[in-house]
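Q: Please take one part of this model and look at it closely with me. I would like to follow how it is put together and what packs around it.

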Amino acid sequence: MKKVNVAIMGATGAVGNCFLKILEERSFPINKIRLLASERSKGKTLKFMGKEHPIEVLTHDSFKDIDIVLASAGASRSMEFLPSAVAAGAVCVDNSSAFRMDEEVPLVVPEVNPQDIKKHKGIIANPNCSTIQMVVALCPIHKAAKIKRIVVTTFQSVSGGGQKKITELWEQSKIFTGRAHFSVPCIPIRPTEFPYQIAFNLIPQIDVFMDNGYTKEEMKMVNETRKIMGDDSIKVNATCVRVPVFYAHSESVNIETEKYISANEVRELLLKAPGVRLIDDPMNKKYPMPVDAEGKDLTLVGRIRQDDSVKNGISMWVVADNIRKGAALNAIQIAEYLI
C-alpha cells in the first residue's frame with residue numbers, strides 16, 4: 001500500500017491523541033507525520049511509532065507535501081485552515097461541525113455510505129459522535145425494512161465535551177466521596193464547564209437551545225442521519241442528555257419501519273453487520289454498557305425487542321466509544337478508503 005504524508009490538526013486534544021494511537025494500531029501507511037496545534041503547544045512533542053515528534057504551530061502554510069489531513073481542532077479552525085490544505089493538494093477529513101451540512105461535502109460513516117467518499121472536493125466531514133453509532137446500527141435495518149421514524153434519547157459521556165469536562169466530573173466526584181448524603185456535599189459545587197453539577201446528576205441539554213425548543217446537538221442527529229442514510233423522508237426526534245460517565249455514549253433507539261421486521265430478524269441482520277457487536281441476552285443480564293465500549297472500535301447493540309405500541313416498531317440499546325468510533329476511528333476509516 002502506498003505510504004502517505006499525514007497532518008493531524010488538533011494533535012494535542014483527546015481526539016488528536018486517539019488519532020495517533022489508532023494510526024499506530026492499524027499500521028496506517030505513513031511516510032511522514034506532521035502534528036499541528038495552537039501556539040500554546042509550541043515546543044512540545046508527542047510520541048508516535050516509538051519516536052518523539054515535534055508539535056508545530058498551525059498556519060496556512062502547514063500543509064505543503066501533505067496528502068491527508070485529519071482535523072479535530074474545532075469548527076472555526078477548520079473553516080479557516082482547511083481551504084488552505086485543499087489548495088495545497090491535501091484531502092481533509094474533518095471531525096468538526098464546520099462542513100457537515102454543506103451540500104458539496106460528503107458526510108460519511110464507512111459502514112453506511114462509503115460510496116460518498118469519492119464525491120469529495122477536498123473535504124470529507126466526519127459526523128457527530130452520537131449520529132455515527134446510531135446509523136451504524138440502523139443502516140442494515142433501513143435497507144431491509146425502510147425506517148420511517150426514529151425516536152432516540154442519548155446518554156452522552158462528558159468526554160464528548162472535551163478534557164475540561166472530564167476533569168470537572170472527576171473533581172466533583174471526589175467532593176462526594178465518603179458522604180452519607182450525596183445532596184449535602186462537604187463543600188459547595190461550583191460548576192464551570194457545565195451549567196449544573198454533573199456528578200451524580202443528569203443534564204438534559206447538550207449545546208445551545210434553538211428556536212424550535214431542541215438543542216443544536218439534537219438537530220445535528222436529525223439532519224445528519226438523513227444525509228448519511230440518503231433519505232430525507234426519515235423522521236427523527238432526538239433528546240440528548242449529558243450523564244456522569246467518562247467515556248462512551250449510550251442511546252435508547254426506537255424505530256418504526258415501513259415493512260414489518262421481527263426482533264429476531266433484526267438480531268440476524270446485526271450479527272452480520274459491519275462494525276457491530278451484538279450483546280443481547282437480557283435473561284442472563286447481558287447487554288451493552290459504557291464500560292464494555294470504552295476503548296473498543298465496535299458499536300454494541302442489545303435489548304432488541306418488538307414495540308407493540310406501533311404497527312412496525314423495534315426498540316434497542318446502542319453503545320459506542322465516542323472518542324474512537326464516534327470521532328478518531330471513523331475519520332481514519334475514511335482515510336483508509338482514500339488510499
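A: Happy to! Two strands count as paired here if DSSP finds at least two bridges between them. Keep in mind that this is a predicted model. With that rule, 6 strands make up an open sheet with mixed pairing, and their order is β9-β8-β10-β13-β12-β11. The edges are β9 (235-242) and β11 (276-278), each of which pairs on one side only. Ignoring direction, neighbouring strands in this sheet are turned by 25° against each other on average.

Strand β12 (residues 299-307) runs parallel to β11, and 3 bridges join the two. Within this pair, Val-276 stands opposite Thr-299 of β12. As for helices, α5 (residues 216-229) packs on the sheet, where α5 touches β8 (147-156), β9 and β10 (249-257). The direction of α5 makes about 135° with that of β9.

Now zoom in on Ile-255, which sits in strand β10. Its relative accessible area is 0%, so Ile-255 is buried. The C-alpha atom of Ile-255 is separated by 7.5 Å from that of Lys-148, although the two residues are 107 residues apart along the chain. Beyond neighbours within four places in sequence, the contacts of Ile-255 include Ile-147, Arg-149 and Ile-150, along with Leu-138, Ile-141 and Asn-312, Gly-313 and Ile-314.

Leaving out residues up to four places away in sequence, Ile-150 touches, among others, Met-134, Leu-138, Thr-225, Ile-234, Val-236, Val-253 and Ile-255. Ile-150 also belongs to the largest nonpolar core, which has 56 residues; Ile-150 is among the members that touch the most others, together with Met-9, Val-69, Leu-138, Val-253 and Met-316. Helix α3 (residues 129-145) supplies the largest share of this core, 9 residues. There is also a second, separate core of 33 residues, whose members include Ile-30, Ile-323, Leu-329 and Ala-335.

Helix α1 (residues 14-25) and helix α8 (residues 324-338) have axes that come within 9 Å and cross at roughly 50°. That angle is why α1 counts as oblique to α8. The crossing of α1 past α8 is right-handed. On the α1 side the contact involves residues including Val-15, Cys-18, Phe-19 and Ile-22, while α8 contributes Leu-329 as well as Arg-324, Ala-327, Ala-328, Ala-331 and Ile-332.

Terms used
Residues numbered from 1 in each chain as written. Predicted model: local features only at pLDDT ≥ 70, side-chain atom pairs only at ≥ 80, totals over all residues. Heavy atoms only, no water. Core = buried A, V, L, I, M, F, W, Y, C linked by side-chain atoms within 4.5 Å. Buried < 20%, exposed > 50% of the residue type's maximum accessible area, 1.4 Å probe, protein only. Helix = DSSP H or I, 4+ residues; strand = E, 2+ residues; numbered from the N terminus. Contact = heavy atoms within 4.5 Å. Axes fitted to C-alpha atoms, helices over the stretch in contact; angles between N-to-C directions. Parallel < 35°, antiparallel > 145°, perpendicular 65-115°, else oblique. Left-handed = near helix turned anticlockwise from the far one by under 90°.
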